[in-house]
Amino acid sequence: MKVIIVGAGLGGLACAISCRREGLDVLLLERAPKILPIGAGIQVSANASRIAHRLGVLPVLLERAIQPEKLEIRRYDNGSVLYIRPGRENMVQKYGSPWFVIHRADYHEIMMQEAIRLGVDIRLGCTVEGLDFDKSQVLVQDGETLSADVIIGADGLWSTTREILLGHQSPPVETGDLAYRATLSREEIEALDDPEVKAIYDRQVVTVWLGPDKHCVFYPISQGNTYNLVLLRPDNMPAGARTVQGTVDEMRLSFEGWDNVLTKILSQINSVLKWKLCHHEELATWTKGCITLLGDACHPTLPYQGQGAAMAVEDGAVLGRLLGLLDSEPLFKGTSAKFIPEILNLYEGIRKSRTTINVQGATANRFWYHLADGPMQEKRDVALRGGPDSTGWCFLRPDYWNDLVGFDAVADAECAFEEWLSQKGESIQ
Ligand SMILES: Cc1cc2nc3c(=O)[nH]c(=O)nc-3n(C[C@H](O)[C@H](O)[C@H](O)COP(=O)(O)OP(=O)(O)OC[C@H]3O[C@@H](n4cnc5c(N)ncnc54)[C@H](O)[C@@H]3O)c2cc1C
Ligand SMILES: *[C@@H]1O[C@H](CO)[C@@H](O)[C@H](O)[C@H]1NC(C)=O
C-alpha cells in the first residue's frame, strides 16, 4: 500500500512514522524548501506522549524535554496562586504517560529523523496544488502528478487540501484572539537580578496568569536555557493577517498593571511574533474516496488546552495503524485497497467526536480564563482553589481530564477496526 502525505508538520510526520512502522510505502510532500523552527515551546500531554511511545521516539524526546513539577495558575494583577496541578510522577500515575514541555524545533527534528530512519521518502520544496479523487493523485506545483492508494492532507491551518476536498473555500475562522510568542535566554532573565523573579523562573513549572480578556503562559525549555512565553489577548490584527512581527511596546502595554514579576520578565523581551488565532467549526466531512485530512487541516483549535499538536499526532498514529491493520488483514489478501474509503470513514468517525470535544474545550477555557473581575471570576477562583464548584467548567472535572489525556488513541482505533472487521466478516460470509 502506498501513502502520500501532504505536509511535514508534527501530524504529517506522526502519520508517516506510523505508516512506515506498518510496512507501508510513504511519500511525504512538504512545501517548505527547508525545515525552519517555528514557535518555541510546546506542551506534550500524556495522550501525546503515549503516541510518541508508540512511535518509538519517547526516550529521545524526554532527553531534550522538561517534565514540569507542576502547572500553576495565578491571578493577573497580584500573582496570587489560584490553582496547582502536580506534574511528573503524578501525571504518569494518573494518565499512564508523562507530561512534558519541549522546544518545538527539537520535537520536529526528532520526528523528522525517525521518519528518515524508517525510510519515509521526503520531498521538500514540493507544494501540492490539486487532488484527483478518481485517480487518487496529487498534482504538485511543477505540474507533476503523483499517485498513491491513500492521500492524506496534513497541510495545517491554511490547508489547500481541505478546500479541494470540500470543493469550496473554507478558510479557518478568526477567534478574536491573538498570541504573542517570544523567548528569553536564561542570561536575559538572570540580568534582572531580582529575587522575586528568580522565585518564578528558577524552577521547572508551567506558570499561567489569568486576567480579563487575556492570559500568559511561561515555562522553561531547552534544559532551562530558554524560556517560552505565550501571551494571549484580543486580536487587533487586520482581517486575513496570519503571523507578523509584533512590537514589544504594544506587547508590554497590553499587560500593563499585571503581576510585577511578569512585567519585569516582559521588560527583557527584545522581539515578539504576533499570531492570529483561528479555529474551525466542525467540517461536514474530512474524507472523499481515498483521500482524507488530519490535524489542523480539519480541526484547528484555540491553543487554550495545549492539544492541537497532540490531536494531530493522535490522528496520524491512528491513520497509520488502521491502514496497517487493513493492509495485513488475511481476510482481504490482495483486495484490501478497495476497503480504503471505508477505513478512512472509520478514522473520521472516531476522530471527529474526540477532536470536536477538544475544540469546544479550548473555547470554554477562553471564556473561563478571560473573565473580568466580578461574581463569575470569584466563583471560578473558589473552584480553582478547591472550593465548591458551581461553574460547570470542563477544566475542573477529573473525568474530563481522564478522557482527554488518559486516552489511548491507537488502542481506541484497534477496537474500532475489530468491530468493523467483525461486521465485514459477517457480510462476506
Ligand atoms: C500559540 C500557540 C501555541 C500552541 N501550543 C500548543 C501546545 O502547547 N501543545 C499542542 O499540542 N499544540 C499547541 N499548539 C497547536 C499546534 O501548534 C498545532 O495544532 C499543530 O502544530 C498542528 O500540526 P499539523 O501537523 O496539523 O499542521 P502544521 O504544523 O501546520 O503543518 C502543516 C505543514 O504542511 C505544509 N504545507 C502547507 N500547505 C502545503 C501544500 N499545499 N503542499 C505541501 N505542504 C504544505 C506546511 O508547510 C507545514 O509544514 C499551539 C498553537 C499556537 C498557535
Ligand atoms: C490578590 O487580589 C485578590 C483580589 O483582589 C485578593 O483576594 C487577594 O487576597 C490578593 N492576594 C495577594 C497575595 O495580595
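I count Ala, Val, Leu, Ile, Met, Phe, Trp, Tyr, Cys and Pro as nonpolar, Asp, Glu, Lys and Arg as charged, and the others, Gly among them, as polar. By these classes the shell around ligand 1 holds 14 nonpolar, twelve polar and six charged residues.

I note that this is a predicted model, in which local features need pLDDT of at least 70 and side-chain atom pairs count only at pLDDT 80 or more, while totals for chains, interfaces and linings use all residues. Residues are numbered from 1 along each chain as its sequence is written, chains are lettered from A and ligands numbered from 1 in the order written, and side-chain values use heavy atoms, with hydrogens and water left out.

I looked up the surroundings of ligand 1 (near means a heavy atom within 4 Å) and found 32 residues, the closest being G11, E30, Q43, R104 and D296. Helix 11 gives the largest share of this shell, four residues (helices are DSSP runs of H or I, at least four residues). Domain 1 (2-62 + 104-172 + 281-428) and domain 2 (173-279) both contribute to the shell, so ligand 1 lies between them; the bounds come from an automatic or database domain assignment.

I then checked polar contacts (N or O pairs within 3.5 Å): a polar side-chain atom of R104 is 2.8 Å from an oxygen atom of ligand 1, and a polar backbone atom of A309 is 3.0 Å from an oxygen atom of the ligand.

I last looked for disulfides (cysteine sulfur pairs within 2.5 Å) and the count was zero. The sulfur of C19 has its closest cysteine sulfur in C15, at 4.1 Å, too far for a bond.

How values were computed: A polar contact is a pair of N or O atoms within 3.5 Å; within protein, one must be able to donate a hydrogen and the other to accept it, and residues adjacent in sequence count only if both atoms are side-chain atoms. Helices (H or I, at least four residues) and strands (E, at least two) are DSSP runs, numbered from the N terminus.
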